[in-house]
Amino acid sequence: MFARRLITHIKAIRPPAVAGITAALLCLTTLTGQAQMTIPEAAKVQKIIDGLHVVMGVGGNIAVSSGPDGVLMVDDDMPPVAGKIAAAIATITDKPVDMVFNTHWHFDHTGGNQYFGEQGALIIAHDNVRARMAVDQKSLLTNSVTKASPKVALPVVTFDNEISFHMNGQTIVAKHVKRPAHTDGDAILYFKEANVIHMGDNFFNRLYPVVDISAGGTADGMIAAMDAVIADANSDTVIIPGHGPVSDLAGLKAFRTMLDTVNQRIRSLVEQGKTADEVVALKPTAEYDAEWAWEFMPAERWTRLMYDSAVSAIAIENK
Ligand SMILES: [Zn+2]
């Protein structure tokens with residue numbers, strides 16, 4: 001019901017992109033972890049400290065830094081909820097959004113770029129985010145194509161290694177994840193003084209994660225990205241995942257343990273020459289399924305994704 005309404009809406013606003021958006025809808029209808037997806041009346045706002053909030057709509061979690069120096073938002077959800085995200089930010093600050101930072105190229109983290117870009121926000125991301133958004137992207141996972149974004153939605157400022165923001169009493173450092181992880185253009189943001197880290201989709205809190213193999217990602221890369229954050233964090237660090245509730249070091253370590261265990265298990269089966277069907281039949285994720293599986297990523301789909309990730313990681317190592 002919701003999906004039909006949304007598709008109608010999307011057809012009205014962006015006819016050339018329907019195929020890609022329909023695929024993305026699959027994520028949209030499931031990334032919230034709810035069986036029956038409905039667009040919420042309002043996006044949720046969670047205060048971390050004064051001037052730093054998390055806004056939750058239907059896509060990736062958004063961090064908002066606001067204060068005397070302006071407004072920076074980290075990720076901006078999907079087009080159908082852009083107005084609701086803007087309304088939620090208006091409950092935090094009466095200032096317009098000056099800058100949007102994208103943690104990676106995925107539609108549920110960059111889908112508001114057009115809306116906020118048209119309102120004058122400066123969009124910033126890693127070089128590979130702009131490169132991917134500028135052309136059609138094929139996804140092996142969803143067997144779909146996400147169409148190239150219009151110019152106004154593309155990052156205007158891009159960086160290679162890291163970029164820092166000095167505003168609202170915070171030093172905010174965005175570091176590119178050098179080894180491809182969730183994608184090949186991931187950034188992790190450190191709000192230094194606040195001791196807050198936004199991990200983008202290298203952290204799914206109590207949800208089996210997406211690994212975008214089509215965009216160069218592997219589970220091994222995600223684990224390496226987590227290890228870097230774990231080394232920098234302490235027991236007081238607030239860690240914002242790409243999806244799921246705001247967490248901490250213990251929550252991140254639980255995710256790492258689950259991902260590493262399943263990754264090693266499936267990789268060893270791949271090395272033994274097992275086919276994907278044979279691995280699925282062995283149910284290598286069984287003890288985690290009740291807690292971590294969800295509508296978009298049920299156990300079998302995730303097992304097959306981890307199989308493909310292991311095959312990809314082995315191919316990269318043998319290059
Ligand atoms: Zn993602």
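In this predicted model, strand 11 (residues 170–176) and strand 12 (residues 187–191) run antiparallel and are joined by five bridges. Within this pair, Ile172 of the protein faces Phe191, a residue of strand 12.

Both strands belong to an open sheet of six strands, whose order is 10-11-12-13-14-15 and whose pairing is mixed.

Strand 6 pairs in the parallel sense with strand 5 (residues 99–101) over three bridges, and Ile124 in strand 6 is the bridge partner of Phe101. Strand 6 also pairs in the parallel sense with strand 9 (residues 157–159), again over three bridges; here Phe159 in strand 9 is the bridge partner of His126.

| Strand pair | Sense | Bridges |
|---|---|---|
| Strand 11 (residues 170–176) and strand 12 (residues 187–191) | antiparallel | five bridges |
| Strand 5 (residues 99–101) and strand 6 | parallel | three bridges |
| Strand 6 and strand 9 (residues 157–159) | parallel | three bridges |

Turning to the protein as a whole, the model contains eleven helices and 15 strands. Of its 319 residues, 49% are buried. Among contacts between residues at least 6 apart in sequence, 66% join residues at least 24 apart.

Conventions:
Residues are numbered from 1 along each chain as its sequence is written. This is a predicted model: local features need pLDDT of at least 70, side-chain atom pairs count only at pLDDT 80 or more; totals for chains, interfaces and linings use all residues. Two strands pair if DSSP finds at least two bridges between them. Helices (H or I, at least four residues) and strands (E, at least two) are DSSP runs, numbered from the N terminus. A residue is buried if 20 or more other C-beta atoms lie within 10 Å of its own, exposed if 12 or fewer, and partly exposed in between; C-beta atoms are placed from the backbone. Two residues are in contact if their C-beta atoms, placed from the backbone, lie within 7 Å.
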